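Subject: Handing over the structure

Dear colleague,

I am passing this structure on to you, and below it you will find my notes on what was found. Please read them with the structure open beside you.

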Amino acid sequence: MKTRIRPVAIVIHHTATANPRRTRDALKKKNCSTHFEIDTDGTIYQYREEDLMCSHCGSPNCHTIGIDITHLTGAEFSPEQIKAAKELVEYLCNKWNIPLEIHETLSGIYPHRALGNTKCPDNFDMNWLVNDKV
């Protein structure tokens with residue numbers, strides 16, 4: 001059954017995989033899902049409609065949009081990924097009236113690590129999403 005949600009926040013993740021195919025395989029094995037993935041070349045893949053609940057971060061799933069960024073732990077994020085993430089976040093914030101602000105709570109945009117014992121999204125600088133300079 002597909003559960004409809006009203007997103008009020010966005011959670012940023014990194015995949016710890018080398019490409020979207022491996023991400024989809026890993027998510028399937030863990031019985032998890034996400035709304036979007038941004039590949040290293042900046043291509044955005046949408047896996048589920050934004051108003052359908054995904055399994056990407058525990059109890060906040062019922063009101064968050066999950067964005068995964070293709071990224072092997074410790075690697076650098078590409079300028080294309082950063083640009084695509086910024087554009088996607090701005091679009092989603094406008095569409096769903098989500099504050100375009102970085103938070104460590106359940107409003108606006110926040111890193112997965114804000115929810116518990118994880119380093120996700122690795123070395124992704126959340127300020128890239130709200131600053132004019134990328």
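F77 is buried, with a relative accessible area of 7%, where buried means under 20% relative accessible area, exposed means over 50% and partly exposed lies in between, for a 1.4 Å probe and protein chains only. Please bear in mind that this is a predicted model, in which local features need pLDDT of at least 70 and side-chain atom pairs count only at pLDDT 80 or more, while totals for chains, interfaces and linings use all residues. Residues are numbered from 1 along each chain as its sequence is written, and side-chain values use heavy atoms, with hydrogens and water left out.

To stay with the aromatic rings, a search of the whole structure finds 3 aromatic pairs, a pair being rings of Phe, Tyr and Trp (its six-membered ring) whose centres lie within 6.5 Å, with planes under 30 degrees apart counted as stacked, over 60 as edge-to-face and the rest as tilted. One of these is the edge-to-face pair of F77 and F124, with 5.0 Å from centre to centre and 80 degrees between the planes. This pair links distant parts of the chain, since F77 is in the loop between β4 and α2 and F124 in the segment after β5 (108-111), 47 residues apart; helices (H or I, at least four residues) and strands (E, at least two) are DSSP runs, numbered from the N terminus. F124 is buried, as is F77. F77 also forms an edge-to-face pair with W128, at 6.4 Å centre to centre and 70 degrees between the planes. Because F77 lies in the loop between β4 and α2 and W128 in the segment after β5, this second pair ties together parts that are 51 residues apart in sequence. W128, at 22% relative accessibility, counts as partly exposed, and F77, F124 and W128 form one aromatic cluster.

If contact is taken as heavy atoms within 4.5 Å, and neighbours within four places in sequence are left aside, I67 is in contact with I10, V11, I12, H13, T34, F36, I38, L88, V89 and L92.

Turning to charged residues, the count comes to 6 salt bridges, each being a side-chain nitrogen of Lys or Arg within 4 Å of a carboxyl oxygen of Asp or Glu. In one of them E49 meets R4, the closest N and O atoms being 3.4 Å apart, and because E49 lies in the loop between β3 (44-46) and β4 while R4 is in the segment before β1, the pair ties together parts that are 45 residues apart in sequence. E49 is partly exposed, with a relative accessible area of 44%, whereas R4 is exposed at 51%.

E50 is found in the loop between β3 and β4 and, at 7% relative accessibility, counts as buried. E50 forms a salt bridge with K95, their closest N and O atoms being 2.8 Å apart, and this pair links the loop to helix α2 across 45 residues; K95 is partly exposed, with a relative accessible area of 45%.

Finally, H112 is in the segment after β5 and counts as buried, at 18% relative accessibility. A polar contact of 3.3 Å joins its side chain to that of H13, and, not counting residues up to four places away in sequence, H112 touches V11, I12, H13, H56, C57, T118, C120 and P121.

Note on methods:
A polar contact is a pair of N or O atoms within 3.5 Å; within protein, one must be able to donate a hydrogen and the other to accept it, and residues adjacent in sequence count only if both atoms are side-chain atoms.
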